[in-house]
Amino acid sequence: MDRAAVEAWIRAHVEPVGAIETAHQRPWATVLRVPLANGVAWFKACSQAQAFEPRLSAALFARWPDRVAEVIGCDEERGWLLLADAGTPIGVVGNPLRAWLMALPMYAELQRGEAAHTHDHLAHGVPDLRVATLPARYEELLGRDLPLKPSELRRLRAFATRFGALCGELAAHQVPETVQHDDLHMANVYAHGEQLRLLDWGDTSISHPFASLVVTFRFLETRNQLAPGDPWFARFRDAYLEPWGGDLAGVFALAIRVGTLAHTFAWARQRDYLPEAARHEFDRSFAVILRRAIARTLQ
């Protein structure tokens, strides 16, 4: 990244009042903190894996300014994004459960509205994980060198036909496919007073919308220590499904099962863009995601 060019671009949009500092640097993105007279702005340089994020973020802000971060600047070609401060991640205050009762229907409304823009998003690089593509993605996954034991790999291979059938069953319900955040957890929901905003769209795909809660539920289990059968999960499900209308609890359960397996495809894609030196550490977490998917084959 050309730091001088980045800072010149930032200064064309805002007037920093101090040094622009690196907040964090990852293989998939670098984030800079930009101090302003009235607060702070955030610059993000996206890697090739997430090159679609600046345009997607700008499009979402244009249509949903009350629930995503304000986009100050966007350079699609260079993968640069400048955002206004959105407050504090809800994880900082313990990932409060009631915040999700507000965030999930808000997110569902956005998804429903974005269904009309699915083809535009796909045309501009948002990954395609629509349900019809998933059986082929599963076969691709089986052809990879995965960080699993031989018995675990055999379990995945044995489930391929069943997975295809589940995808067909899910597609038959005809829930419109749309943006699926795929990283919807307490570090990406921000609060400013009573205002909640959804951030960090770099892992988004076009897929079955209900699969978004695979990640949400995983972090509620691991960070909030909610047992899988805790009544809160039904409350979250119902809050999320309310904007979709109808009795969709059965479809939701199916989407979570399929989506837990499909989530591994997104991880595999991310791995493809990593430098070799970063893959060993990545695979430690990837193995956890794969094993959660394998558990769904036993249902």
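This is a predicted model: local features need pLDDT of at least 70, side-chain atom pairs count only at pLDDT 80 or more; totals for chains, interfaces and linings use all residues.

The pairing of β4 with β5 can be followed in detail. These two strands run antiparallel and are joined by four bridges. Within this part of the model, Asp-75 stands opposite Trp-80 in β5.

Which residues of α2 are buried? They are Glu-53, Pro-54, Arg-55, Leu-56, Ser-57, Ala-59 and Leu-60. The partners against which these buried residues pack include the strands β3 (39-46), β4 (71-75) and β5. They also pack against the helices α3 (97-114) and α4 (118-123), and against the strand β7 (178-180).

## The three-stranded sheet

Another open sheet consists of three strands in the order β6-β8-β9, and its pairing is antiparallel. The edge strands are β6 (88-89) and β9 (195-198), each of which pairs on one side only. Helix α3 packs on this sheet and touches β8 and β9; the direction of α3 makes about 55° with that of β9.

Two bridges join β6 to β8 (residues 189-192), and these strands run antiparallel. Here Pro-89 stands opposite Tyr-190 in β8.

## Two cavities

Rolling a probe the size of a water molecule over the atoms shows where empty space is left. How many cavities of 30 Å³ or more does a search of the whole structure find? The search finds two.

The largest cavity has a volume of about 80 Å³. It is lined by 15 residues, and those closest to its centre are Gln-180, Ser-207, Ala-211, Gly-259 and Ala-262. At least two residues of this lining come from each of β10 (205-207) and α10 (249-272). α10 gives the most to the lining of the largest cavity, namely five residues. By residue type, the lining of the largest cavity comprises eight nonpolar, six polar and one charged.

The second largest cavity has a volume of about 70 Å³. Among the residues that line it are Glu-53, Ser-57, Val-71, Leu-81, Leu-83 and Trp-201. α2 (53-63) and β5 (80-84) are the elements that give two or more residues to this lining. Glu-53 and Ser-57 are also among the buried residues of α2. The lining of the second largest cavity divides into eight nonpolar residues, one polar and two charged.

## The second largest pocket

The second largest pocket has a volume of about 490 Å³. Its lining is made up of 20 residues, and those nearest the centre are Phe-217, Glu-221, Ile-256, Thr-260 and Arg-296. Four helices, α8 (213-222), α9 (231-241), α10 and α11 (276-296), are the elements that give two or more residues to this lining.

Which element supplies the largest share of the lining of the second largest pocket? It is α10, with seven residues. The residues of this lining divide into 11 nonpolar, three polar and six charged.

Helix α11 contains Asp-283. Is this residue, Asp-283, buried or exposed? Asp-283 has a relative accessible area of 15%. The limit for a buried residue is under 20%, and Asp-283 is therefore buried. When its neighbours within four places in sequence are left aside, Asp-283 is in contact with Pro-147 and Arg-271.

Terms used: Residues are numbered from 1 along each chain as its sequence is written. Side-chain values use heavy atoms; hydrogens and water are left out. On a 1 Å grid over the protein atoms alone, a cavity is a set of points where a 1.4 Å probe fits but cannot get out, and a pocket is an open set with protein on both sides within 12 Å along at least five of seven lines; lining residues have an atom within 4 Å of a point. Grid points are joined across faces, edges and corners, and a volume is the space filled by probe spheres set on the points. Ala, Val, Leu, Ile, Met, Phe, Trp, Tyr, Cys and Pro count as nonpolar, Asp, Glu, Lys and Arg as charged, and the others, Gly among them, as polar. Buried means under 20% relative accessible area, exposed over 50%, partly exposed in between (1.4 Å probe, protein chains only). Contact means heavy atoms within 4.5 Å. Two strands pair if DSSP finds at least two bridges between them. Axes are lines fitted to C-alpha atoms, for helices over the stretch in contact, and angles run from 0 to 180 degrees between N-to-C directions.
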